[in-house]
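Subject: A structure for you to look at

Hello,

Here is the structure I promised to pass on. Please open it beside this email and follow along as you read.

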Amino acid sequence: MRLLPGSLDHVRERNESAWLMPPHPGTNHQLRHDMRRFEDDDEVDLVIVGCGAGGSTLMQRLARLGWRIVALDAGPFWEPERDWVSDEAGSHHLYWNDPRVIAGSDPVPLGSNNSGRGVGGSMVHYAGYTPRFHPSDFRTYSQDGVGADWPFAYEDLRPYYQDIEEELPVAGEDWPWGDPHSYPHSPHPVGGNGEIFLEGARKVGITAKVGPVAISNGRFGNRPHCIYRGFCLQGCKVDAKASPLITHIPDALAHGAEVRADSMVTRVGVDDRTGRATGVHYVRRGRERFQRARMVAVAGYSIETPRLLLNSATERWPNGLCNDHDLVGRYVMVQGAPQTAGRFDREIRMYKAPPPEVSSEQFYETDPKAPYQRGFSIQTVSPLPITWSEHVIAQGHWGASLREYMSDYVHWACFGALCEFLPRPENRVTLDEEKDRHGMPIAHFSYSQGENDQQLLQAAQQKMEEILHAAGADETMTIQRFAHLVGGARMAATEDKGVVSGDCQSFAIPNLYLTDGSVLPTQGSANPALTIMAIAARAASRLARGARGGPPR
Amino acid sequence: MNQKLPLQDPNARGRFPGFDTASQAEYWDMATKAVVAERLGMPPNIRFFTREEEATANALCDQLLDQQEDPRVPVVHLIDARLAEKQYDGWHYEDMPEDAEAWKQSLAALDQDSREAWSRPFHECDLGEQRGVIQAIVDRGSGEWHGMIAKRVWSLWTRYACSAFYSHPWAWDEIGFPGPAFPRGYKNIGVDKLEPFEVRDAKPVDPTRIGDADRGKS
Ligand SMILES: Cc1cc2nc3c(=O)[nH]c(=O)nc-3n(C[C@H](O)[C@H](O)[C@H](O)COP(=O)(O)OP(=O)(O)OC[C@H]3O[C@@H](n4cnc5c(N)ncnc54)[C@H](O)[C@@H]3O)c2cc1C
Ligand code: SF4
């Protein structure tokens, strides 16, 4: 049963963030001003590297239980009203723009297409889709003979999915796929792009549903309603779209955690003698510093987490921390994300309303009749003009024909697929010879597709074309893209198969945890942020319950 | 602020009569207004490109975006500023140098191609000759071009050029996009629904359904 908006008041008892926001778009400056501040020499209970999806969730959960926590982030502690703009080119600073090298037979462009920098992490500029993974995702190896099995099952994650869905909160129709469930907020009205998706899908007999999006539909705490302005990928100035900056960090601060922004962690400190982590080396305002801690959690995204472990090598771990089995940096995954657009004489104006509107998971599972394993999902995406120009350029237009095609922008509807590319050990992050301004080797990321991956791309494009044509499109165009990097330090049942356990504890160093997207063994064809948060929430609860010795004191 | 881009193509020109995004600036928040106002103001001085590179880059970008007359969006100034400030995109291909160096090398290579084909620097070639030199690079696709993969150079040029051009309110006027939308938002969403400040397309028929004779071809 779907609850009415406003009936989420019980969430306040476990996460007060939405009530700690001011009653208008903006920042609770008092809360930040009053934030507790630790000394480098204080041996805190936990230091977290990265305040993104995984790091912030872990911080909020454990701060509530009285843990003394410092969370460092390389980027700024955003003040959305001042730092974010309702403009595409002006949002370049939201991304991780430090240099990285890309290679392989299918190199994956990073930056704006992949990761963020600053408190809130990549969810600051993520689109806002928050689907769950399907139960089959947790056992693709035993079920379909591809990918890997997780060290736990879907059912183990279900309660954490439910909690996080309420805390964001997620809006959408009753969900018929995977483990059928409903959402705390009712579905949003859809714009032109969503209408076309629903219309085309109905005509070809594909089930499509509105949602699931982490955008409040109605007031949630003090957070306002979405104003359908379409700039979700540029950071939501309205505070309608969820990111940890507004969904978990306020509550963590209110419970005595410190967020230390503009702090780039360069090494995890480890005592070779005891085999335990001792804290982290970081650079702030040009000065090298060391924060002592009883426990370290790294949550820096699938590129930065492996990079940091590899760069923290010691005599005991000469190939990088936790890397005795040569698994750190391996099995990094991206979803194949072709985007297909269709042209209508009607005006679609896809820049209105949030880009995430409607999706279908009808092709998510392995189809025994298809030549490939696993599947894909289809969603609305609504590129703004600069991104849209890439679509037009990709068709070979330039000069006058580029300008002419671009002047046709209001007539196009655009969908994106997420294809479950399979994990491969050679798709990996290593350290490059090139160094960044801190003297730290930059990440080198190599990616190549397999045959199954390519078959999925074609199948997905075909379905998107079908839907668009059924809705009346007379012309389509497709661009090949990638989305959602995960993996690189995957979890597994045993240390020869993975870097961390199902509780996110590294096998090698008992007080070193990894709590971000890098622990995912497979990726499904769902957007990952909700799952990353749920995994971090689960890890926190296992830590708190003492499954691994309990809180440090 | 009522300048319009002189778009050559007969189909695209004037699709959104009277549409003027900058006239709505009073409805934008301060932070956004500031970044957009900067684009409408005096362009930053050239700091990164040498004079020769600037000439080549201007001729190249005029071609890529079909800006052969004033007023122009000062695309090269905006690219130069990004390169001078190392505002790259956060990655580069293993077989390509960082963006700034890649721009320098590729502009020099472009010039070299025109000197070989027409015995003149690229910016002194006529427009047809320039188009030929550019199309030859596009046609190489995944093949090599002066030690780089052609399509990666193409992606570098078009990414920077289009980011600059389609960030400009004049370009938004031309495509019917209203630009910033905070704090006003949109109230009429859905197919064929307009806000009072949006303008309906005066030429809604698919350009590909119009005979080639009626349209400019590049
Ligand atoms: C354009 C775009 C659209 C997306 N859309 C969706 C979507 O609709 N739905 C969805 O589920 N996902 C989406 N994603 C992906 C999603 O945002 C990420 O998968 C998710 O946020 C990753 O979580 P994380 O915890 O692994 O890392 P992040 O959230 O990226 O957090 C990592 C943090 O660590 C910090 N950091 C890194 N290294 C260091 C260091 N050495 N020292 C200090 N700090 C460090 C970074 O600054 C960053 O804040 C999208 C991503 C992009 C780029
Ligand atoms: S469309 Fe809604 S959720 Fe997206 S940025 Fe605008 S107000 Fe925020």
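Start just past helix α3 of chain B. There, Lys86(B) has a positive phi of about 55°. Please keep in mind that this is a predicted model.

**The helix before that residue**

Helix α3 of chain B covers residues 75-84. Seven of its 10 residues are buried, so the helix is largely enclosed by the rest of the structure. Buried here means under 20% relative accessible area. The buried ones are Val75(B), Val76(B), Ile79(B), Asp80(B), Ala81(B), Arg82(B) and Leu83(B). Which elements cover them? The cover includes three helices of chain B: α2 (51-64), α4 (99-118) and α6 (150-165).

**Chain B as a whole**

Now step back. Chain B has seven helices and three strands. Read from the N terminus, the order is α-α-α-β-α-α-β-β-α-α. The chain has 218 residues, and 52% of them are buried. Take the contacts in chain B between residues at least 6 apart in sequence: 67% of these join residues at least 24 apart. The accessible surface of chain B is about 9700 Å². Carbon and sulfur atoms account for 51% of that surface.

**Confidence in chain A**

Chain A has a mean pLDDT of 95. In this chain, 98% of residues reach 70 or more. One stretch needs care. Over residues 547-553 of chain A, pLDDT stays under 50. The model has 15 contacts for that stretch beyond four places in sequence.

**A helix of chain A covered from both chains**

Look at helix α11 of chain A, residues 385-394. Seven of its 10 residues are buried, so this helix is also largely enclosed by the rest of the structure. They are Pro385(A), Ile386(A), Trp388(A), Ser389(A), His391(A), Val392(A) and Ile393(A). What covers them? From chain A, the cover includes β11 (339-343), α12 (400-406), β14 (412-419) and β17 (476-479). After α11(A) comes Gly396(A), with a positive phi near 95°.

**The ligand**

How many residues surround ligand 1? The count is 38. The closest are Asp73(A), Gly118(A), Ser122(A), Tyr129(A) and Ala529(A). By class, the shell has 17 nonpolar, 17 polar and four charged residues. Several elements of chain A each supply at least two shell residues: α3 (53-64), β6 (263-271), α10 (301-311) and α14 (529-544). The largest share, three residues, comes from β6(A).

Next, find these pairs of atoms around the ligand:

- Ser122(A): an N or O atom in its side chain is 2.5 Å from an oxygen atom of ligand 1.
- Gly118(A): a polar backbone atom is 2.9 Å from an oxygen atom of ligand 1.
- Gly128(A): a backbone N or O atom is 3.0 Å from an oxygen atom of ligand 1.

Taken alone, ligand 1 exposes 1000 Å², and the protein buries 96% of that.

Arg538(A) sits in helix α14 of chain A. Is Arg538(A) buried or exposed? Its relative accessibility is 7%, so Arg538(A) counts as buried. Not counting residues up to four places away in sequence, Arg538(A) touches Phe152(A), Asp156(A), Leu157(A), Tyr160(A), Gly502(A) and Asp503(A).

Asp83(A) lies in helix α4 of chain A, residues 80-83. Asp83(A) is buried, with a relative accessible area of 15%. Its side chain makes a polar contact of 2.6 Å with the side chain of Arg82(A). Leaving aside neighbours within four places in sequence, Asp83(A) is in contact with Phe77(A), Trp78(A) and His93(A).

Asn511(A) is in the loop between β18 (482-486) and β19 (512-514) of chain A. Asn511(A) is buried too, with a relative accessible area of 3%. A polar atom of its side chain lies 2.9 Å from the backbone oxygen of Ala277(A). Neighbours within four places aside, Asn511(A) is in contact with Arg276(A), Ala277(A), Arg294(A), Met295(A) and Val296(A).

Best wishes

Definitions and conventions. Residues numbered from 1 in each chain as written. Chains lettered and ligands numbered in written order. Predicted model: local features only at pLDDT ≥ 70, side-chain atom pairs only at ≥ 80, totals over all residues. Heavy atoms only, no water. Buried < 20%, exposed > 50% of the residue type's maximum accessible area, 1.4 Å probe, protein only. Helix = DSSP H or I, 4+ residues; strand = E, 2+ residues; numbered from the N terminus. Contact = heavy atoms within 4.5 Å. Near = heavy atom within 4 Å. Polar contact = N/O pair within 3.5 Å; in protein donor to acceptor, adjacent residues only side chain to side chain. Areas by Shrake-Rupley, 256 points an atom, 1.4 Å probe, with all protein chains shown as cover. Nonpolar A, V, L, I, M, F, W, Y, C, P; charged D, E, K, R; others polar. pLDDT = per-residue confidence, 0-100.
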